[in-house]
Amino acid sequence: MTNIIVTAMVILGGAIALNSLTGMNIYAAAFLIPLTFTIYTMIGGLKASFIADYLNTVMIFVILTIFATVVYLNFGVSTVYEGLSSLPESQQMLTMASIPGLFFGMINIIGNFGAVFVDQSYWQRAIASKDSAASRAYIYGGIAWFSIPFAIATFLGVSAAGLGLSITDPDASAPLMAAHLLGSVGSILFLVMLFMAVMSTGAAELTAITNIVVTDIYRKSINPTASSKQTLKVSRIVTLSFGLSMGFLSILLFNIGIGLGFVYMAMGIFVSGAVIPLTLGLLWKRATNTGCFYGALLGMISGVTVWVTTAYVSYGQVSVASLGELNSMLAGNVTVFAVSGAISIGHALLSKEEFDFEALKDQFKSFDDEVEEEGALESGARKEVV
């Protein structure tokens, strides 16, 4: 579910940007974007996505630096700040006292906890990495990634509001600001940056979905004795099927009026119920299977129920508009966290079970261990030959 939602956001955001910059039909864009990174993923696999992620990120940083420099040299901080200060009180954006801003921040934090903790693309990268490098890589990667949305929101989002650009769709503010700054060159640079981001994230999500289906379903329950050739064939079929289906799903979402902002804020309601149970399972010996499972499941069900109920009670109807309101989203997101945490922690405290983490020591072999074992075997074989 997490991978589906994240992939949908990638496609929705990319389609909106393509439509804003080039006039391409938004439905065509929503289908062509997943088709592009599906073919790329089928050819490259996980190793290629590692290398491509690095190169794509470098390109994004270079383009963001160009936009930041142009905003600073052409307009300066004072011009943007004065424009923001002159906005009506209801539209002011740079204030720590903004209650809607606080609510959005809470929704954002809850949703992104789920998007990271429950996203298979993060887990498979950690498993494929050396133990000695994984922790540092994630810390450095997180710090590096943070600057990307921060820079886009500041130089292409806040600056657009400060300069008074007429933007009807908030999701299109960044590409329109890029075009305003540098004309057609700005549009091309933003499209390149968009392509880099879509390829990187889309490939990671597709690889993650394929990993789940092939490893946990096909190899475990359908064909445990599958050969490498069979596994590769199934992997490519799953990758192609999921990529194309995501294109159709994105078109459906656009058709019923659900955009990027709606999916982004609703994400936590569907996936964040697993955050607290998963954390407890990793770190607390008192955590139980039953408590974590039902905490995640009932947390999501409760969140969806409160979300829909709040929309109906507050706005008199259940629709895309009422469900997308800030209060409805906040109620659903907070409920998910509260219920999942209460059930998983409560069951752990009531139960007398204790998990022995020492039992895991011999169950998993890291990449480092395997390399050391292979080296030891090769060394032994050479000694025997001598």
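Author: In this discussion, contact means heavy atoms within 4.5 Å. The structure above is a predicted model.

Reader: With that criterion in hand, which residues does Thr310 touch, not counting residues up to four places away in sequence?

Author: Thr310 belongs to helix α11, which covers residues 289–315. Once residues up to four places away in sequence are set aside, Thr310 touches Tyr315, Asn327, Ser328 and Ala331.

Reader: Is Thr310 buried or exposed?

Author: A residue is called buried under 20% relative accessible area. Thr310 has a relative accessible area of 18%, so Thr310 is buried.

Reader: Which residues of α3 and α6 meet?

Author: From α3, the residues are Thr79, Val80, Gly83 and Leu84; from α6, they are Val158, Ser159, Ala161 and Gly162. Sorted by class, the contact of α3 with α6 holds 4 nonpolar, 4 polar and no charged residues.

Reader: At what angle do the axes of α9 and α11 cross?

Author: The axes of α9 and α11 cross at roughly 135° and come within 8 Å. On the α9 side the contact is made by Phe262, Ala266, Ile269 and Phe270, and on the α11 side by Met300, Gly303, Val304 and Trp307. By class, the contact of α9 with α11 contains 7 nonpolar, 1 polar and no charged residues.

Reader: What does the separation of two C-alpha atoms show for Asn333 and Ile110?

Author: It sets distance along the chain beside distance in space: Asn333 and Ile110 are 223 residues apart in sequence, yet 6.7 Å apart, C-alpha to C-alpha. Asn333 lies in helix α13, residues 326–350. With 0% relative accessibility, Asn333 counts as buried. Apart from neighbours within four places in sequence, Asn333 is in contact with Ile107, Ile110, Gly111, Met265, Gly268 and Ile269. Ile269 also takes part in the contact of α9 with α11.

Reader: How do Ala144 and Ile26 read on the scale of accessibility?

Author: Ala144, in helix α6, is partly exposed, with a relative accessible area of 31%. Ile26 and Leu12 lie 14 residues apart in sequence and 9.0 Å apart in space, C-alpha to C-alpha. Leaving aside neighbours within four places in sequence, Ile26 is in contact with Ala15, Ile16, Asn19 and Phe254.

Reader: Let us turn to pockets. How many residues line the second largest pocket, and which lie nearest its centre?

Author: The lining has 36 residues, and Gln120, Gln124, Thr207, Asn211 and Ile212 lie nearest the centre. The second largest pocket holds about 980 Å³ of space. Two or more lining residues come from each of α1 (2–22), α2 (26–74), α5 (120–128), α7 (173–222), α8 (228–255), α9 (260–271) and α11.

Reader: Which element gives the largest share of that lining, and what is the make-up of the lining by class?

Author: Helix α7 gives the largest share, 8 residues. By class, the lining of the second largest pocket comprises 20 nonpolar, 14 polar and 2 charged residues.

Notes: Residues are numbered from 1 along each chain as its sequence is written. This is a predicted model: local features need pLDDT of at least 70, side-chain atom pairs count only at pLDDT 80 or more; totals for chains, interfaces and linings use all residues. Side-chain values use heavy atoms; hydrogens and water are left out. Helices (H or I, at least four residues) and strands (E, at least two) are DSSP runs, numbered from the N terminus. Ala, Val, Leu, Ile, Met, Phe, Trp, Tyr, Cys and Pro count as nonpolar, Asp, Glu, Lys and Arg as charged, and the others, Gly among them, as polar. Buried means under 20% relative accessible area, exposed over 50%, partly exposed in between (1.4 Å probe, protein chains only). On a 1 Å grid over the protein atoms alone, a cavity is a set of points where a 1.4 Å probe fits but cannot get out, and a pocket is an open set with protein on both sides within 12 Å along at least five of seven lines; lining residues have an atom within 4 Å of a point. Grid points are joined across faces, edges and corners, and a volume is the space filled by probe spheres set on the points. Axes are lines fitted to C-alpha atoms, for helices over the stretch in contact, and angles run from 0 to 180 degrees between N-to-C directions.
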